[in-house]
Amino acid sequence: MTQPYGESVATIRAVLNLEAGSGYANRAVIGGLDKFVARLISQNPPGRDYFLSRPQFITLLLGTSSYAEKNICERQQWVELVLRELDRADILPKDKTQTVKAPIQKPKTTASGKAVTIAASVESLDLSASRIKGIGDAVAARLARLGVYSVRDLLYFFPRRFLDFSRRCTVSTLETGKEQTIFVDVWEARQVMLGRMKSSEAVLGDETGNIRAVWFNQPWVGKQLKVNTKIAVSGRVSQFNYGKVFENPEWEVVDDRELLHTGRLVPVYPLTSGLFPRQVRAMVRNALDGYLVVLPEFLPLPVRQRCGLMDLRDAVMHAHYPSDYAAQNKSRQRLAFDELFLLQIGVLNKKRDWQEEQPGRGFRIKRKEIQGFVQALPFKLTSAQVRVIDEICGDLEREVPMSRLLQGDVGSGKTVVATVALLAAVTNGCQGAMMAPTEILAEQHFSTLQKLLSAISEDSNAESNICVFKGIMGREIRIVLLTGSLAAGDKAGTHGLIKRGSVDIVVGTHALVQREVKFASLGLAVIDEQHRFGVLQRSALKQKGYNPHLLVMTATPIPRTLALTLFGDLDISTIDEMPAGRRAIKTRWLKPEDRQRAYNFIKKQVAEGRQSFIICPLIEESESLDVKAAVAEYKRLSMEVFPDLRLGLLHGRLKNADKESVMRDFKAGRLDILVSTSVVEVGIDVPNATVMLIEAADRFGLSQLHQFRGRVGRGEVQSYCILMSENPSEYGQERLKAIEELTDGFALAERDLELRGPGEFFGTRQSGLPDLKMARLSDTRLLEMARREAIIIFEKDPELSAAENRLLALEYHRIWHKSIENN
């Protein structure tokens with residue numbers, strides 16, 4: 001029976017429109033248009049589809065030469081001719097047609113043997129993943145746990161790694177311990193009991209011999225394997241007394257469909273409870289077969305040509321099912337470039353918005369008064385601090401709002417530099433704000449400001465959360481502390497003072513961005529440990545003033561290439577010099593047999609009036625297990641190791657008030673030892689603490705270890721960092737040796753960047769930036785290339801309004817809108 005032609009027409013029209021949109025580059029479908037036409041005709045034999053049964057149309061489709069051999073003008077003529085012929089569908093007899101609904105979809109058999117649909121519109125990429133064959137509501141819920149919600153998400157759900165089953169052998173040439181593939185006949189298959197497990201075994205053979213295969217705890221395999229069926233088997237072979245055996249190999253029937261699970265580089269995807277490897281491969285392949293054809297190529301052709309990048313559809317296909325490792329690497333290069341390029345466009349746009357949205361207020365810098373403040377300090381600034389102060393003052397004098405990142409190692413003196421900037425704002429009749437991620441950090445900044453301003457003040461008066469200094473730069477300066485734990489009455493009073501302009505500098509936490517807080521004239525916002533704030537919180541603080549100057553600070557040293565990538569919207573100042581007289585922290589990696597020695601050393605330090613930190617092991621991907629481990633370790637240390645000492649416990653599940661209480665007790669000396677999870681990484685300054693013991697240190701990254709180490713060494717007494725590790729991997733040993741040898745945070749950051757995997761060095765989710773799935777931040781060449789190309793496009797077309805940038809603009813807004821929603 002002749003089938004309605006509407007679905008084939010819609011499929012061909014969708015493909016040809018995409019081809020026209022890509023400049024007739026023969027990239028609308030994987031493999032090119034010639035393969036697409038051949039496949040279309042073979043799947044629709046005469047009599048099955050009315051339109052494809054017409055000899056004239058078949059002749060037109062096949063043409064006089066292959067599409068690949070045509071030049072661009074010939075390709076354009078052919079595409080337009082076919083499209084005109086397709087338009088005749090509208091005037092064919094009604095009994096030969098059917099009403100076509102949008103989006104039009106055509107059933108198709110995929111490489112995995114499942115029927116899916118070809119989407120006729122780009123919009124279908126944002127449909128629920130449940131549109132894919134094999135994904136019902138229950139499976140969709142499991143995929144959601146992995147961050148896969150839509151068809152597009154599934155296309156971009158990339159494998160963690162590949163099983164190399166591309167090495168094809170015969171039975172007689174199989175080697176033990178290597179991953180390899182054989183194509184064999186099933187001679188015998190049955191269910192068996194292996195130990196107490198219902199399992200399966202089979203006898204397989206080719207022209208060179210036979211081999212046994214077993215599948216432990218998989219009784220269904222024995223039913224699925226049919227005698228005399230040709231199958232591909234991939235996996236490792238083990239040697240037993242009675243011969244070689246495949247144990248739990250992958251297998252699939254060999255027919256005219258493409259292999260998914262054997263005989264190639266086989267993708268291994270992230271899984272969650274209820275999802276299985278073969279199932280996920282089939283779902284992803286169904287998505288690729290049905291929807292990859294409409295994935296738009298958003299990267300302008302000149303960019304792809306200059307950078308030698310693979311086309312997007314090819315890249316996505318090879319990311320899942322590469323023909324070899326070279327193709328997989330080219331795919332990763334393209335997809336990683338996309339991530340970094342879109343990120344760069346975004347940060348350049350953020351910087352422009354910050355600086356050009358509204359004019360800033362240029363300050364008149366009173367350099368003589370600033371010099372007087374610096375000279376009155378009880379210590380001498382380093383040359384790096386002086387250089388950075390000059391850079392900041394230069395920014396503050398301009399009528400373009402400052403947007404600067406100040407990075408410096410723990411103890412390098414960033415707060416002094418920030419104080420100079422705040423004084424510049426105050427002496428220009430503006431207010432300054434300093435925001436910290438925790439109350440304890442906010443209190444430390446408030447305390448540090450008090451000490452610094454006291455050095456040049458004629459008189460000071462402190463009450464509750466307000467401190468007044470007289471005679472600073474010829475005026476009175478009032479600073480206030482605003483945190484969430486303030487009593488309601490004090491909080492309301494503080495809000496009133498800020499609104500009336502009765503305070504000059506406000507130090508606080510997230511409480512600063514609450515709706516009730518209104519500034520009279522905010523001229524400078526200083527944000528400490530800025531990666532711990534989402535982009536919306538930073539934006540909220542900015543909106544408290546008339547385009548104030550912005551200074552963000554971090555104690556996490558960031559290599560310059562990475563800083564340009566993640567914070568390209570900020571100019572960068574670096575304090576790369578430590579104050580004179582600061583003692584280097586002695587760091588030692590101890591073996592398990594030295595544990596008692598470490599405990600005895602802590603007891604000795606406490607006996608001398610010092611305090612210690614003990615960091616519990618990191619249990620990946622499970623905060624609840626982290627907490628359990630910390631509680632258990634705290635009990636063991638309290639009862640068995642240090643029964644005579646005062647111990648406190650700190651972990652992420654404590655209420656904020658309880659966290660702050662524990663940290664205050666430790667800072668006040670009411671605790672000898674603080675047992676903690678990684679929450680102590682940033683936010684506590686205890687000069688009396690001299691020992692940092694880190695359990696399972698190999699599980700932490702170098703930058704995180706360095707941050708832990710920075711919690712001690714803040715006083716004048718020698719401090720120590722002890723690294724404990726039971727059985728570190730080779731990679732873990734490299735990190736431990738590096739932290740033991742290097743004390744410079746920037747040198748460690750560069751080493752960390754070399755050692756860490758994709759996106760791990762510095763998480764992007766909490767900073768309001770798009771996630772990096774494929775980009776390796778150690779690939780400086782790709783980083784610089786992406787930044788260069790982004791600058792070229794942004795300088796020519798910052799609004800991305802040009803016709804050639806239309807698809808790029810859509811992808812940019814989609815990616816950045818999604819990242820802001822996640823924050």
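In this predicted model, helix α8 (residues 277–291) packs against helix α10 (residues 312–320) at an angle of about 165°, and their axes lie 11 Å apart. Because angles over 145 degrees count as roughly antiparallel, α8 is roughly antiparallel to α10. A second topic is an open sheet of 6 strands with parallel pairing, together with helix α23 (residues 730–741), which lies across β21 and β26.

**Helix pair α8 and α10**

- The crossing of α8 past α10 is left-handed.
- On the α8 side, the contact is made by V284, R285 and L288; on the α10 side, V316, M317 and H320 take part.
- Sorted by class, the residues in the contact of α8 with α10 are 4 nonpolar, 1 polar and 1 charged.

**The open sheet**

- Its strand order is β21-β26-β25-β22-β24-β23.
- The edge strands are β21 (586–590) and β23 (647–650). Each has a single partner strand, so one side of each is left without a neighbour in the sheet.
- From one strand to the next, the twist averages 15°.

- Strand β26 (residues 720–724) runs parallel to β21, and 5 bridges join the two.
- Among the residues of β26, M724 is the bridge partner of L590.
- Helix α23, lying across β21 and β26, runs at about 155° to β21.

Conventions:
Residues numbered from 1 in each chain as written. Predicted model: local features only at pLDDT ≥ 70, side-chain atom pairs only at ≥ 80, totals over all residues. Heavy atoms only, no water. Axes fitted to C-alpha atoms, helices over the stretch in contact; angles between N-to-C directions. Helix = DSSP H or I, 4+ residues; strand = E, 2+ residues; numbered from the N terminus. Parallel < 35°, antiparallel > 145°, perpendicular 65-115°, else oblique. Left-handed = near helix turned anticlockwise from the far one by under 90°. Contact = heavy atoms within 4.5 Å. Nonpolar A, V, L, I, M, F, W, Y, C, P; charged D, E, K, R; others polar. Pairing = 2+ DSSP bridges.
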